[in-house]
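Work through the exercises below with the sequence and the model side by side. Try each task before reading its solution.

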Amino acid sequence: MSVVDDIKTRIEIVDLVSKYANLRQSGMNYNALCPFHAEKTPSFYVFPNRQSWRCFGACATGGDVFSFFMQVENVDFKGALQQLASQARVELTSQRARETDAGAFQANDAAARFFCQYLASNQGKSAREYLSNRGITPDTIERFKLGLSPSDGHSLRRNLLSLGFSEQQLISAGILAQSKMGSYQDLFRRRIMFPIWDSQGNLSGFGGRSLDDSNPKYINSRQGTTFDKGRTLYALHIARGSIPQQGAVVVEGYMDAIIAHQAGFTNVVASMGTSLTKIQASLLQTLTQDVVLALDPDTAGQQATLRSLETSWEAIHGSIIGQSKRGAVYQKPSVPNLKVATLPDGKDPDNVILEDPQEWERLINDAAPFIHFYFQAMSAQHEITTAFGKSQVADNLSRLVFQINDPFEQDRRFEELAEMLGVTKTALEASLSRLNRSKGPQQTRMQQQASSSPFQKLERDPLEEHCLALLIQNPRLAYLATDLRSEHFQRVDNREVFTNLGKKNTIEDLEEETRTQASYLSHKMLPPSDSEKTESSFSDCIQRLEERRLRLLKEEESLRLSELPPEEIFHYHKEILDINEDIGALFRRRGI
Ligand SMILES: [Zn+2]
């Protein structure tokens, strides 16, 4: 549940409004003199069942707890969110983040010192030999603070407890395991320890590699207060200086990244997995749009490699921070330039770099544009001289090209793809429109991934979102939106995005949830359409939103009238006719 929804379920609108207006119960509902305009007879209503309010008088407006609070306190959404959150005792994300257990980070620092000392001790001899055999110099061990965990399973805990840390802090840090019976054990036993820093340079967790090749070969700190693998890129804190000038190179393992930095390739980071996550992509894209993937040749076969690549492509094109921090909220991001470096068979990046650093440089410089690489890999799997093979490759690649947000770049890529396939662009576009109609298994998979994204909310309003996405992605439509008001949006996040449209706000000025939603909408994929169709689709959206607004108005009106004595209803006759007239006119326009 989003913070806004959380607050809405906790704050009773009658309680909130009664602090500002003298509410009088009228059947199921409440009324009062409107707090927003001067009047003698009450036309302001609160509907507890709907958690809504409406002024049927001069204001002719209504809404929910948020819009009421913003108007009555004259605060913006950010202010309303803060004050209502504290009233509802809901913690805001930023507050949560600030209150993360600082002790857990300190525990990690202390653990790293302990592991370093242990590696340097007599017990660390074979581990030091192992590292030396892997080509790692003592300077590099020092620089990356590599260490060794003892095999007994309790030395780390004892050491840290003696320094004043609590077991709870070690568990928060993800380095101590507790059994069901309640006994504790160090998570890392007899492993080479790789401290992992987050992008701010805090030591957030560890990777541990088994010394004797026992399985699992690698384990990480448990996901906890400090560590989240999918939100971390290994070595980013030292690579971030070089990346804006040189672009980023992404490798898979710690060892690859360490060896790269040791050899002077300072723009290398490790994904710690076979593909990039959306958040990892966002971390990179605040620094650069030029990203080369130098991932290990996948032992599980080419099919698995292609899937990992697709995931990285989706992450980098769906990343929520695809633009400069100073850019305007609705500015289109510059286009990601994703490439793939092909490593020689069976060689990991660290092997290549140790054997011949110039070879590595050449491989990175010769990295193929993603679409070309993917095309070649696909062609190897399908018989592209046949029409069937062609259409299979076209389908797969079109799906990827379709995710490019920039229309010109998308167009260029389609031209390229048509050329590679040896078909005309028209033929390819025909295959694309078929793609939009059918939902193949692959598209379903993408949708599953999209819905598991942490940025995806469970509650969405497709009509509001489609309308806003059209407007944000086609600012020229604004002339059609003159009748659109914030009241047309039921969801608070959409309403906020709408209210901020056209204001010269930067991303930082927006409250976090609004920012995420604005970003989502500006990247939301829309079906391909010519400008005439876009306009009519947008007008249709507005009419449907207006229809919905009037329906809500009717419902609230009948709730209000149902409580009135018959002789009073007569007074409102004109008002009712007006609304009915509006609805009638709308339906005539829509031809219903
Ligand atoms: Zn009013």
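Two exercises follow, each with a worked solution.

This is a predicted model, in which local features need pLDDT of at least 70 and side-chain atom pairs count only at pLDDT 80 or more, while totals for chains, interfaces and linings use all residues. Residues are numbered from 1 along each chain as its sequence is written, and side-chain values use heavy atoms, with hydrogens and water left out.

**Exercise 1.** Find the atoms that coordinate the zinc ion, and name the geometry of the site.

Solution. Begin with the donors, meaning N, O and S atoms within 2.8 Å of the metal: they are C34 (SG), H37 (ND1), C55 (SG) and C59 (SG), at 2.0 to 2.3 Å. Next, read them along the chain, where their spacing is C-x2-H-x17-C-x3-C. Finally, the angles among the four donor atoms are 100 to 114°, and the site is tetrahedral, a term for four donors with all angles between 85 and 135 degrees.

**Exercise 2.** Determine how helix α3 and helix α4 are placed against each other, and which residues make the contact.

Solution. First, locate α3 at residues 65–73 and α4 at residues 77–88, whose axes come within 10 Å and cross at roughly 110°. That angle makes α3 roughly perpendicular to α4, since this term covers 65 to 115 degrees. Then list the contact (heavy atoms within 4.5 Å): V65, F66, F69 and M70 of α3 meet F77, A80, L81, Q83, L84 and Q87 of α4. Sorted by class, these residues are eight nonpolar, two polar and no charged.

Technical notes
Donors = N, O, S within 2.8 Å, 3.2 Å for Na, K, Ca; no water. Tetrahedral: all angles 85-135°; square planar, octahedral: opposite > 155°, others 65-115°. Axes fitted to C-alpha atoms, helices over the stretch in contact; angles between N-to-C directions. Helix = DSSP H or I, 4+ residues; strand = E, 2+ residues; numbered from the N terminus. Parallel < 35°, antiparallel > 145°, perpendicular 65-115°, else oblique. Nonpolar A, V, L, I, M, F, W, Y, C, P; charged D, E, K, R; others polar.
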